[in-house]
Amino acid sequence: MAKKEHVSETPATQFLRKHGVAFSEHPYAYQEHGGTAVSSSALGVAEHDVVKTLVMQDEAAKPLIVLMHGDCKVSTKNLARAIPCKSVEPCKPDVAQRHSGYLVGGTSPFGIRKAMPVYVEEGILQLEKIYINGGRRGYLVGIDPRVLVDVLGARPVACALAE
């Protein structure tokens with residue numbers, strides 16, 4: 001029997017356990033700027049099932065989280081229209097880290113430092129299982145996508161663009 005790699009707790013896994021969410025752990029070798037292509041390949045899952053956690057801000061610099069398929073980009077125009085605000089743009093890495101409490105590349109929507117609205121690409125909710133960051137670089141957790149709405153109160157939006 002293969003020895004399961006031990007992964008220490010993160011604020012994300014503590015949050016999931018506290019809320020009674022079942023999840024599987026998936027450590028992989030992190031690559032700087034490798035993105036979801038690297039993690040999906042390492043886990044042997046479709047990149048579409050790996051979910052990116054993006055910290056963005058509106059025109060008033062209010063932060064928000066967008067959860068997007070790994071193989072898609074966010075249409076900031078469609079997102080702004082959906083949530084309604086004038087404009088949305090990605091936060092600079094240091095600002096994103098300050099809001100979330102996580103290093104960019106290891107951002108999870110669970111256990112974030114500052115409460116922010118969470119928006120999820122509606123197609124993600126149709127998947128059977130998703131793989132999303134577990135709070136550190138090189139570490140994903142597998143969960144039922146309904147957790148995003150049930151536990152985080154994520155609002156479904158249609159803002160995906162094929163990459």
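This is a predicted model: local features need pLDDT of at least 70, side-chain atom pairs count only at pLDDT 80 or more; totals for chains, interfaces and linings use all residues.
## Nonpolar cores

The largest nonpolar core of the model comprises 28 residues, and those with the most contacts inside it are Leu67, Phe110, Ile132, Ile143 and Leu148. At least two residues of this core come from each of the helices α1 (11-18), α4 (93-100) and α5 (146-150), and likewise from each of the strands β2 (50-58), β3 (63-69), β6 (118-121), β7 (130-136) and β8 (139-143). Apart from this core lies another, of 13 residues, which includes Met68, Ile83, Val88 and Val157. In soluble globular proteins, nonpolar side chains tend to be buried together.

Isoleucine 132 shows how parts of the chain meet: when its neighbours within four places in sequence are left aside, its contacts are Val51, Thr53, Leu67, Pro109, Phe110, Tyr139, Leu140, Val141, Ile143 and Leu148. Among these partners, Leu67, Phe110, Ile143 and Leu148 are also listed with isoleucine 132 as the residues with the most contacts inside the largest core.

## The buried face of α1

Within α1, the residues Ala12, Thr13, Phe15 and Leu16 are buried. Because these residues cover an arc of only 155° around the axis, they lie on the same side of α1. After α1 comes glycine 20, which has a positive phi, near 65°.

## The largest pocket

The largest pocket holds about 840 Å³ of space. Its lining is made up of 34 residues, and those lying nearest the centre of the pocket are Lys52, Thr53, Leu54, Val104 and Gly105. By class, this lining consists of 16 nonpolar, 13 polar and five charged residues.

Among the elements of the model, α2 (35-43), β2, β4 (72-74) and α4 each supply at least two residues of the lining, and β2 gives the most, with seven residues.

Serine 39 is situated in helix α2 and, because its relative accessibility is 2%, counts as buried. Once neighbours within four places in sequence are left aside, serine 39 is in contact with Tyr28, Val50 and Leu140.

Glycine 70, in the loop between β3 and β4, has a relative accessibility of 3% and so counts as buried. Residues up to four places away in sequence not being counted, glycine 70 touches Thr36, Glu47, His48, Val50, Lys52 and Glu163. Between glycine 70 and valine 55, which are 15 residues apart in sequence, the distance from C-alpha to C-alpha is 15 Å.

Glutamate 163, one of the residues that glycine 70 touches, belongs to the segment after β10 (160-162) and counts as exposed because its relative accessibility is 63%. Leaving aside neighbours within four places in sequence, the contacts of glutamate 163 are Lys52, Gly70, Asp71, Cys72 and Lys73. Although glutamate 163 and valine 74 are 89 residues apart along the chain, their C-alpha atoms are separated by 9.4 Å. Lys52, which is in contact with glutamate 163 and is touched by glycine 70, is also one of the residues lying nearest the centre of the largest pocket.

Notes. Residues are numbered from 1 along each chain as its sequence is written. Side-chain values use heavy atoms; hydrogens and water are left out. A nonpolar core is a set of buried Ala, Val, Leu, Ile, Met, Phe, Trp, Tyr and Cys residues joined through side-chain atoms within 4.5 Å. Buried means under 20% relative accessible area, exposed over 50%, partly exposed in between (1.4 Å probe, protein chains only). Helices (H or I, at least four residues) and strands (E, at least two) are DSSP runs, numbered from the N terminus. Contact means heavy atoms within 4.5 Å. The arc is that of the directions from the helix axis to the C-beta atoms. On a 1 Å grid over the protein atoms alone, a cavity is a set of points where a 1.4 Å probe fits but cannot get out, and a pocket is an open set with protein on both sides within 12 Å along at least five of seven lines; lining residues have an atom within 4 Å of a point. Grid points are joined across faces, edges and corners, and a volume is the space filled by probe spheres set on the points. Ala, Val, Leu, Ile, Met, Phe, Trp, Tyr, Cys and Pro count as nonpolar, Asp, Glu, Lys and Arg as charged, and the others, Gly among them, as polar.
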